[in-house]
Amino acid sequence: MKNKIAVIGLGYVGLPLAVEFGKYFDTVGYDINLERLEQLRNRADITLELEESDFAAASRLIFTNSLEDIEDCNVYIVTVPTPIDQHKKPDLGPLLSASKSIGTVLKKNDLVIYESTVYPGATEDDCVPVLEQTSGLKYNKDFYVGYSPERINPGDKEHCLTNILKVTSGSDPETAEKVDKLYGSIISAGTFKASSIRVAEAAKVIENTQRDLNIALVNEFALIFNELDIDTEEVLEAAGTKWNFLPFRPGLVGGHCIGVDPYYLTHKAQEIGYQPEIILAGRGLNDNMSKNIVNQLDAALKSENIKIKDSRILTMGLTFKENCPDFRNTKVINMITELQEFGATVDCYDPWVKHSQVLTEYNIKLLDTLKKNTYDAIILAVSHQDFIDMGSQVIRSLGKKNHILYDLKYLFPSSETDLRL
């Protein structure tokens, strides 16, 4: 039987996947966001991950919000978000909702593959029961399940879907082979077949947890070195001359993966009676960096006889990483909130994001233009190439005669700024 694929969720992960499969298989991209679907039908991607030519190459791909259009598919790939709630607990709502929708059209011998990041066991313990209950079919008898964790890196044009090795897994050996072969048909970098779904789930969730902990360690270095009046970047450059020193840099740690995934693993650990220490310590330190940054800025302003209360501060950059429009779970918002609680008026400028979306999500009106001689402090929060191209002198011209230029991301040499993390 020929594969007909439905990709459920057309965000940063699902869209590139649907487009790539659409070059070789009959593929249906399914999403409940009507505005997003209209954009995609017009070959426009507001995430800036794909060009019009990419859509043109996917000649076998269609887009829909109707479950009727995916009824005759036999492979369903789930790429919906897996966020955390206000208590930093896993929110499986989108994942379970997608599973329920698939269950209404699931047929005998169909394959459901999950790509969303979860804790070990979530696919079989949480999602499969929903598929069974909704469809009336039996797992590993009537339908089969795979897990192949996404490795999309938003804004990264070098490491894209097809040239990142793909981990695959299946609910039994035959399914594992089928899943591996399916992804192997589009992934030029190759695949790695894990021994079980749980191994693949665990592998994914520790990838970003490890990165989170490494950044937390460097953030702590920065806090210590700031107290010692030592430039952190100079220390890291010196230490980096050793071949096995890892080149992490301090900063705000947000986004849909690194700032979220550790909480999925710790949730599962606590559920089985293990209290994680190192993971939560690193996550707590990274979550508190916005407060540390604002305290550092407050001290610097005081040294210049500027009161942070009633000051005017410009934050340059809102996204969670450079050179992409993705502002999901950005920690720049936390920093802005901290500044406002100190009594500062905060403006934000980011040429990468759609203003209306930020206004809807955070009730923040981004600046369209920048005015000279306006700010008591300027914070370089995101290392967009646009800001590097502006140069430190142009950015300084936005400040009042007496101001602080705080370079969180080491965009410029220390001699061109007043404060660095």
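Modeller: Two strands count as paired if DSSP finds at least two bridges between them, and the strands themselves are DSSP runs (E, at least two residues), as the helices are (H or I, at least four residues), numbered from the N terminus. The model is a predicted one, in which local features need pLDDT of at least 70 and side-chain atom pairs count only at pLDDT 80 or more, while totals for chains, interfaces and linings use all residues. Residues are numbered from 1 along each chain as its sequence is written, and side-chain values use heavy atoms, with hydrogens and water left out.

Biologist: How do you know that strand E11 and strand E12 pair?

Modeller: Strand E11 (residues 375-380) and strand E12 (residues 399-407) share five bridges in the parallel sense, which meets the requirement of at least two, so the two strands are a pair. Within this region Ile379 stands opposite Tyr406 of E12.

Biologist: To which sheet do these strands belong, and in what order?

Modeller: They belong to an open sheet of five strands, whose order is E10-E9-E11-E12-E13 and whose pairing is parallel.

Biologist: What makes strand E10 and strand E13 edge strands?

Modeller: Strand E10 (345-349) and strand E13 (419-420) each have a single partner strand, so one side of each has no neighbour in the sheet. Helix H11 (residues 289-303) packs on this sheet and touches strand E9 (312-316) as well as E11, E12 and E13, where touching is contact, that is, heavy atoms within 4.5 Å.

Biologist: Which strands form the sheet of six, and what is the sense of their pairing?

Modeller: The six strands run in the order E3-E2-E1-E4-E5-E6, and they form an open sheet with parallel pairing.

Biologist: Why is Asn74 called buried?

Modeller: Buried means under 20% relative accessible area, exposed means over 50%, and partly exposed covers what lies in between (1.4 Å probe, protein chains only). Asn74 has a relative accessible area of 9%, so it is buried. Its place is in the loop between strand E3 (61-64) and strand E4 (75-78).

Biologist: What does the side chain of Asn74 reach?

Modeller: The side chain of Asn74 comes to 2.9 Å from the backbone nitrogen of Lys4, and one of its polar atoms lies 2.9 Å from the backbone oxygen of Lys2. A polar contact is a pair of N or O atoms within 3.5 Å; within protein, one must be able to donate a hydrogen and the other to accept it, and residues adjacent in sequence count only if both atoms are side-chain atoms. If neighbours within four places in sequence are left aside, the residues in contact with Asn74 are Met1, Lys2, Asn3, Lys4, Asp110 and Leu111.

Biologist: Why is helix H1 described as mostly covered?

Modeller: In helix H1 (residues 14-21), eight of its eight residues are buried. These are Gly14, Leu15, Pro16, Leu17, Ala18, Val19, Glu20 and Phe21.

Biologist: How many residues of helix H9 are buried?

Modeller: Helix H9 (residues 261-271) is mostly covered as well, with eight of its 11 residues buried, among them Tyr263, Tyr264 and Leu265. The buried residues of H9 pack against helix H5 (122-135), H7 and helix H10 (278-287). Just after H9, Gly273 takes a positive phi of about 95°.

Biologist: What makes the phi of Asn305 worth noting?

Modeller: Most residues other than glycine have a negative phi. Asn305 is not a glycine, yet its phi is positive, near 60°, and Tyr410, also not a glycine, has a positive phi of about 60°.

Biologist: Is Asn305 buried or exposed, and is Tyr410 buried or exposed?

Modeller: Asn305, in the loop between H11 and E9, has a relative accessible area of 74%, so it is exposed. Tyr410, in the loop between E12 and E13, has a relative accessible area of 11%, so it is buried.

Technical notes
Axes fitted to C-alpha atoms, helices over the stretch in contact; angles between N-to-C directions.
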